[in-house]
Amino acid sequence: MRADASAIGTTVLQIKEIPPRPAEFDGKLCLFGVAEGVGEVQVREALQAFGDIVSYEAGAGATPATVRFSKHDAAVAARRAASELTH
């Protein structure tokens, strides 16, 4: 939802429906701000209990590291544990 306001008026845009998640995001978990010294081994050790990890890609700069699970439910469950790996 976005709202713009000024001294002469206000505009509100209301989105009635949220589109479905694109299939390419199924099972994908983005790790923003991965702590220094945390690499693929530490990520896999911390998250493998939530499901089968299909792939890991290290991030660079503003690009997050990504972990892809075989099932989307595993990525959702791992999200909370992933906070221990980030700033």
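Leaving aside neighbours within four places in sequence, L29 is in contact (heavy atoms within 4.5 Å) with L47, A65, T66, V67, F69, A75, A78, R79 and A82. The model is predicted, so that local features need pLDDT of at least 70 and side-chain atom pairs pLDDT 80 or more, while totals for chains, interfaces and linings use all residues. Residues are numbered from 1 along each chain as its sequence is written, and side-chain values use heavy atoms, with hydrogens and water left out.

L29 also belongs to the largest nonpolar core, a set of 15 residues in which L29, L31, V43, L47, V67 and F69 touch the most other members. Such a core consists of buried Ala, Val, Leu, Ile, Met, Phe, Trp, Tyr and Cys residues joined through side-chain atoms within 4.5 Å. At least two residues of this core come from each of β3, α1, β4, β5 and α2, and α2 gives the most, with 5 residues. Helices (H or I, at least four residues) and strands (E, at least two) are DSSP runs, numbered from the N terminus.

In helix α2, residues 72-82, the two sides are as follows.

| Side of α2 | Residues |
|---|---|
| Turned away, exposed (over 50%) | D73, R79, R80 |

The buried residues fall within an arc of 105 degrees, taken from the directions from the helix axis to the C-beta atoms, so they line one face of the helix. Their cover includes β3 (28-31), α1 (40-47) and β5 (65-69).

R80, in helix α2, counts as exposed because its relative accessibility is 72%. R80 and E45 lie 35 residues apart in sequence and 14 Å apart in space, C-alpha to C-alpha.

Note on methods
Buried means under 20% relative accessible area, exposed over 50%, partly exposed in between (1.4 Å probe, protein chains only).
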